[in-house]
Amino acid sequence: MIDQVVSVLRETAQTVVLPRFRNLAAGEIVEKSPGDLVTVADREAEVVLSARLAALLPGSLVVGEEAVAADPSVLARMSDDGPVWVIDPIDGTGNFAAGREPFGMMVALMRGGVPVLAVIYEPVPDMVTVAESGSGSYIDGARMVLDHTPLGPDELRGAVMTKYLPPQVREQVEARLPKLSEAIPGLRCAAREYPELLRQTRHFAMFWRAKPWDHAPGTLVIREAGGVVKHFDGADYDPVHPREGLVVCRDDAVFGLVRSVLLA
């Protein structure tokens, strides 16, 4: 099934997404909410992906980012007991619309409200990150296993996305960033942040918004590699019932450090 999903994403990228990269007319980029862009490529790619993925599993449901934007009731499908495809047709739309990387395409297959298969595809580097429940995580065919060597607070390196944090939380977090070994600017693209965590270029990533299409695929690839995805209060992330405030870490020990250094 993973190979079939990868093929669908690659083909959709070649026919719909890449022809529009650095080739969008002004009227093909709009704001669906303040600061949140959508392009004609997002919408067309989601239509294609929805049809093709649903055909792979007859009877499956689809929850796409743009479908939910048009009709919020679509989100209720997330809690269905059967197979549900969760689609982000272009993650990092702001980057894509500006003609720059990174951007990617993300899909998760949910069963009983739990991610069981995930594919993150970055078309420009043609990089594939995948995971299947119980089978591990892979980047371009190489198994990814996160290191759990103990770290001190002053060794922590992480990406901290402060843009959407509430003002009081943002002020606190920004004031404490110097306590880290390195605070990496956010890439505005979860489809790149999750693979970077797997490659261990950082120990954690902090987000505020926790939409399922942004995080259900990455949650599975991180957990299958030995990592954790938790809310600020320590509860495990549940894409069916997402709450704002998310920390993706290589392990529980790093989560504890991040929480004590930046959030306590």
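This is a predicted model: local features need pLDDT of at least 70, side-chain atom pairs count only at pLDDT 80 or more; totals for chains, interfaces and linings use all residues.
Tyrosine 194 and phenylalanine 207 are both buried. Tyrosine 194 belongs to helix H6 (residues 190–198) and phenylalanine 207 to strand S12 (residues 204–207), so the pair ties together parts that are 13 residues apart in sequence.

**Aromatic pairs and a charge over a ring**

- In total, the structure holds 5 aromatic pairs.
- Another of them brings together phenylalanine 21 and phenylalanine 103: the ring centres are 4.8 Å apart and the planes sit at 50°, so this pair counts as tilted.
- Phenylalanine 21 comes from the loop between helix H1 (2–17) and strand S1 (29–33), while phenylalanine 103 comes from the loop between helix H4 (93–97) and strand S5 (104–111), so here the parts tied together are 82 residues apart in sequence.
- Phenylalanine 21 has 13% relative accessibility, and because the cut-off for buried is under 20%, phenylalanine 21 counts as buried.
- Phenylalanine 103 is buried too, with a relative accessible area of 2%.
- Phe21 and Phe103 also belong to a cluster with Phe96, linked by ring pairs.
- Over at tyrosine 164, arginine 209 lies over the face of the ring, 3.8 Å from its centre.

**Strand S12 and its neighbours**

- S12 is covered on both faces: Phe204 and Met206 are buried on one side, and Ala205 and Phe207 are buried on the other.
- S12 runs parallel to strand S10 (residues 157–160), and 3 bridges join the two.
- On the S14 side (residues 246–249), the strands run antiparallel and 4 bridges join them.
- Methionine 206 turns up in both pairings: as the bridge partner of valine 160, and opposite valine 247 in S14.

**Helix H7**

- H7 is mostly covered, with 11 of its 13 residues buried.
- The buried stretch takes in Pro212, Trp213, Asp214, His215, Ala216, Pro217, Gly218, Thr219, Leu220, Val221 and Ile222.
- After H7 comes glycine 226, which has a positive phi, near 100°.

Terms used. Residues are numbered from 1 along each chain as its sequence is written. Side-chain values use heavy atoms; hydrogens and water are left out. Buried means under 20% relative accessible area, exposed over 50%, partly exposed in between (1.4 Å probe, protein chains only). Rings of Phe, Tyr and Trp (its six-membered ring) pair if their centres lie within 6.5 Å; planes under 30 degrees apart count as stacked, over 60 as edge-to-face and the rest as tilted. A charge sits over a ring if NZ of Lys or CZ of Arg is within 6 Å of the ring centre and within 35 degrees of the ring normal. Two strands pair if DSSP finds at least two bridges between them.
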